[in-house]
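Hi everyone, thanks for coming.

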Amino acid sequence: MIDSPTLKTDAFFDKSLIDPSIPYEIRRSLLLEGSRAFLQHHNELIRARHKAGENGRLIVGSLTSLVDTLIRNLHRSTSIDLRAGGGCCSLIALGGYGRAELNPYSDIDLMFFYDGDKRGFAEQLSERILYLLWDIGLEIGYSIRTVKDCLDMADSDITARTALLDSRFLVGDESLYQHYVRSVHEVVLGKDSQRFIREKLEENSRRLRKYGSTVYLLEPNIKEGEGGLRDLHTALWIAMVKFKARNLRELIIKGVISESQGREFEDALDFLWRIRNELHYLSGRKNDQIHFGQQEKIAAFLGYRDGKRGLAVEQFMQNFYAHATHVEHLASTFITRTIQQDESTFGILGYLTRRSVENGFYILRGELRVARQDLFENDPALMMRAFLLSERHNVRLAVSLKGLIRENLHRINDRVRRSRAMTEDFFEILRGPRAAETLRVMHHLKFLNHFIPEFGRIYCKVQHDAYHIYTVDVHSIFAVEEITKLWSGEYRERKPLLTQVANDVEKRELLLLAVLFHDIGKGEGKDHCNKGGDMIPTIARRLGLNREDSERLEFLVRNHLQMAHISQRRDLHDDKLILQFARTMGMSENLKMLYLLTFADIRAVGPDVWSEWKGLLLQELYEKTYDVLERGDFRLERSSEKVRNRKRKVVALLEGEYDTRAVKDLLKSMSTRYLLSHRSVDIADHVALILGRRERTLAMKVEHEPQGEYSQITITTIDIPGLFSRITGVMAANGINILGAQITTTSNGIALDVLHVRGTADVVLDNPEKWRRVEEELVAVLEGRVRVEDLVKRRKRPAFMTEKPRPRFPNKVEISNEVSDDYTVLDIYAHDRVGLLYQITRTLKELGLYIGVSKISTKVDQVTDTFYVQDIFAQKITSPEKIEEIRRRLLETLDGELE
């Protein structure tokens with residue numbers, strides 16, 4: 001509890017305010033005016049001290065003192081003419097206000113406590129004080145209660161009982177308050193402590209499920225999230241009830257915790273209070289969610305600056321997460337120690353029996369413990385053995401053992417890291433069924449940072465964007481968990497190929513190392529793939545890996561983004577691209593591991609980043625590359641015979657349905673590239689759609705793939721300049737996201753566009769009425785009856801709907817003639833908005849460019865669009881002047897707004 005010194009009030013509260021001969025309404029007017037001036041004056045002084053760098057504890061204490069002084073003055077003035085009735089009442093602060101922990105816009109919880117037959121006086125007094133406080137503009141929670149009311153509430157509502165634990169006398173009848181302490185507070189503190197602890201732990205679990213059960217959330221809640229203030233409060237409440245203490249100081253006096261542990265607890269609160277104070281001031285209201293825009297401002301306020309270590313905001317959030325991790329550890333250790341003090345009987349006799357294992361370790365009550373406190377001083381490598389024994393015997397580490405490991409981390413030097421005892425135990429852990437769980441505990445205790453110092457450089461490392469939900473280190477641990485889920489069979493039904501490949505991997509421990517280390521270069525700045533790859537030989541030597549394993553590990557880290565990049569951004573029908581990628585892989589074991597690493601990497605970025613569409617693209621790249629590697633022939637297959645065979649199959653499939661001559665003529669007008677890119681059955685469907693269009697403006701076929709979470713739309717019509725742009729505009733107007741497109745034009749001017757799409761909510765659009773409307777609008781646009789620009793504007797976000805602030809990165813356009821033999825490839829990076837794809841494709845049309853392939857990827861609010869384009873003569877764009885014009889015009893489009 002923080003001391004709240006009384007402030008001087010003479011300048012604001014005249015003596016006439018306590019003159020009972022002056023009517024209350026006159027006094028009230030003066031009181032309201034004085035109170036507002038008093039609050040404004042002292043709030044400005046306190047805020048100035050906060051801006052000057054005063055710590056959180058002092059600011060919180062001053063804000064509490066300010067409200068205390070105000071309420072005491074209001075009580076003195078409002079009660080002066082009510083006392084004649086002989087009533088008595090005690091004003092008691094509850095909750096956060098009772099703990100004397102007010103932030104700038106915190107709620108103020110008051111209880112008007114009275115004797116059973118004096119409610120009239122309490123109601124009159126509360127009405128006067130509360131209306132004044134509300135008129136001043138303060139957020140007040142209140143109750144008017146007797147002893148019975150308090151006890152009944154405490155019995156039925158754990159929140160009310162908790163609030164009563166944090167109660168503090170403010171003003172009024174002190175003897176009545178002492179009666180409250182004896183009759184309510186001591187009863188609440190002592191009654192049915194086991195039930196309270198159980199309910200509090202259940203409440204804690206519900207809170208974390210709601211606000212985030214990991215410290216490392218993108219926009220953390222400083223009060224309710226894991227590692228926030230409520231973790232510390234919960235630990236304190238449980239200890240107070242268990243040990244019958246009124247506050248933290250009494251827990252120290254009773255020997256429950258040491259002075260140093262008490263200071264650690266207070267320092268943790270101070271850090272969070274300082275940030276919460278600034279968050280309230282920035283928001284101008286009570287707010288506990290640290291949003292993106294506020295993160296940058298808080299970082300600047302706290303003195304962080306952009307530098308080699310990263311952006312100021314990333315440095316701040318890295319420290320915040322490290323502190324939140326410490327808070328979570330502090331609180332959970334506190335709670336565990338409190339609960340364990342009460343454990344006496346268990347259902348299984350063996351659970352209570354001390355069972356020796358090895359090297360000074362024993363198991364008791366389902367926990368691994370040590371027989372000697374100096375065990376790690378003599379042999380630091382035994383810390384790794386502790387993790388191995390925990391995994392081997394399927395028991396958790398005792399709190400005391402966790403503390404011992406933390407205290408001895410400094411003993412892990414390079415000699416210890418390289419010791420055979422440590423590395424062999426580490427690899428046995430990686431080969432075990434609970435490897436991910438054990439790595440998570442190692443990370444939590446910071447053991448991993450000391451065993452692998454390079455991993456310590458990404459500890460709580462933040463990437464300030466809306467895409468990366470977790471810090472780099474936690475993302476890496478989660479990625480390991482994804483691999484272990486494949487091995488455990490959790491994905492057997494939904495992802496059979498990935499499960500099969502995972503079980504075929506020869507060295508599981510090497511795959512887990514690759515997954516754990518794949519982002520290790522992010523601690524060194526840009527180009528993290530190569531920087532991470534450069535670090536691997538040193539790590540591999542330290543771990544005792546042989547040359548082959550070391551080279552494979554380096555290969556996987558250096559190339560870990562390749563499969564995602566190629567599958568999502570490149571034309572997978574380009575045989576030359578597949579051959580080049582197969583050459584890069586070299587052997588199928590590299591491909592298998594990279595496939596699994598890519599899957600785990602994407603899955604572990606965030607809950608909504610992986611999609612079955614991305615999974616299908618990744619699988620297509622894997623299967624095509626695997627076929628090349630198994631064939632062992634890295635030359636392009638001869639296409640002429642393959643094309644002839646495909647045409648024959650299509651003719652046979654359509655025989656009897658369509659005129660054979662018409663089918664052959666249409667196939668003759670199709671490019672070799674198209675015929676090699678599609679299966680015979682798909683080509684037959686396309687031919688049927690084209691021939692079935694007859695005299696209609698457009699023919700469209702919609703097929704839904706619920707397993708892949710997308711729909712395939714095939715559209716055919718007479719080709720016109722800017723056709724694809726018109727199609728994208730109609731799709732955007734109907735809230736349909738295009739994931740990719742294959743665009744074909746026959747030599748006689750027939751367009752065939754195959755689109756893969758899904759809804760803006762990332763769901764399959766299987767409403768027939770919606771597709772009927774889309775087809776009608778497409779026809780209307782192609783026939784010139786409706787302007788596509790008007791349809792897109794209809795979809796534009798209303799002006800009153802403001803976007804949530806997110807980090808913005810500069811728009812970028814990359815142009816390459818090296819990726820494809822036939823096309824110039826444009827990679828476009830931009831902030832997403834309604835109608836953006838339509839605007840880009842319209843600009844390409846205005847530049848005289850024809851799109852052959854389009855691949856669209858959206859990462860939360862950032863889009864990465866790839867277009868394979870040619871000029872009007874079906875050639876690449878090679879003129880430097882034209883390339884620069886394309887870049888300039890596209891950037892103008894990206895930086896502009898919807899016209």
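Let's start with a sheet of 4 strands: the sheet is open, its order is 5-6-7-8, and the pairing is mixed. When I say strands, I mean DSSP runs of E with at least two residues, while helices are runs of H or I with at least four residues, and both are numbered from the N terminus. Two strands pair if DSSP finds at least two bridges between them. At the edges stand strand 5 (355–356) and strand 8 (396–397); each has a single partner strand, so one side of each is left without a neighbour in the sheet. Strand 7 and strand 8 run in the parallel sense and pair over 2 bridges. There you can find E367 opposite R396 in strand 8.

Before we go on, a word on where this comes from. This is a predicted model: local features need pLDDT of at least 70, side-chain atom pairs count only at pLDDT 80 or more, and totals for chains, interfaces and linings use all residues. Residues are numbered from 1 along each chain as its sequence is written, and side-chain values use heavy atoms, with hydrogens and water left out.

Still with the sheet, look at the loop between strand 6 (361–364) and strand 7 (367–370), where you will find R365. R365 has a positive phi of about 55° although it is not a glycine. Another residue with a positive phi is A100, at about 60°, and A100 is not a glycine either. A100 belongs to the loop between helix 3 (95–98) and strand 2 (108–114). Is A100 buried or exposed? A100 counts as buried because its relative accessibility is 0%; the cut-offs are under 20% relative accessible area for buried, over 50% for exposed, and partly exposed in between, with a 1.4 Å probe and protein chains only.

Now to strand 1. How many residues of strand 1 (residues 89–94) are buried? The count is 6 of its 6 residues. Both faces are covered, with C89, L91 and A93 buried on one side and S90, I92 and L94 buried on the other. As a reminder, strands of a sheet pair through backbone hydrogen bonds, either parallel or antiparallel. Strand 1 pairs with strand 2 in the antiparallel sense over 6 bridges, and F113 in strand 2 is the bridge partner of S90. Strand 1 also pairs with strand 4 (residues 168–172), again in the antiparallel sense, over 4 bridges. In strand 4, I92 has F169 as its bridge partner.

F169 takes us to the aromatic rings. The structure holds 21 aromatic pairs. One of them is F169 with Y177, a tilted pair at 5.2 Å centre to centre and 45° between the planes. Here, rings of Phe, Tyr and Trp (its six-membered ring) pair if their centres lie within 6.5 Å; planes under 30 degrees apart count as stacked, over 60 as edge-to-face and the rest as tilted. Y177 is buried, at 7% relative accessibility. F316 and F320 make another tilted pair, at 6.4 Å and 55°. These two are 4 residues apart in helix 13 (residues 312–340), so about one helical turn separates them. F316 is buried at 1% relative accessibility, and F320 is buried at 3%. There is also one aromatic cluster, formed by F387, F426, F427, F447 and F451.

Last topic: charges. The structure holds 64 salt bridges, each one a side-chain nitrogen of Lys or Arg within 4 Å of a carboxyl oxygen of Asp or Glu. Take R420 and E424, whose side chains meet in a salt bridge at 3.6 Å, N to O. Both lie in helix 19 (residues 420–431), 4 residues apart, about one turn of the helix. R420 is exposed at 63% relative accessibility, whereas E424 is partly exposed at 45%.

Helix 37 (residues 768–782) holds another example: E776 and R772 are 4 residues apart there, about one helical turn. In their salt bridge, the closest N and O atoms are 2.2 Å apart. E776 is partly exposed with a relative accessible area of 44%, and R772 is partly exposed at 37%.
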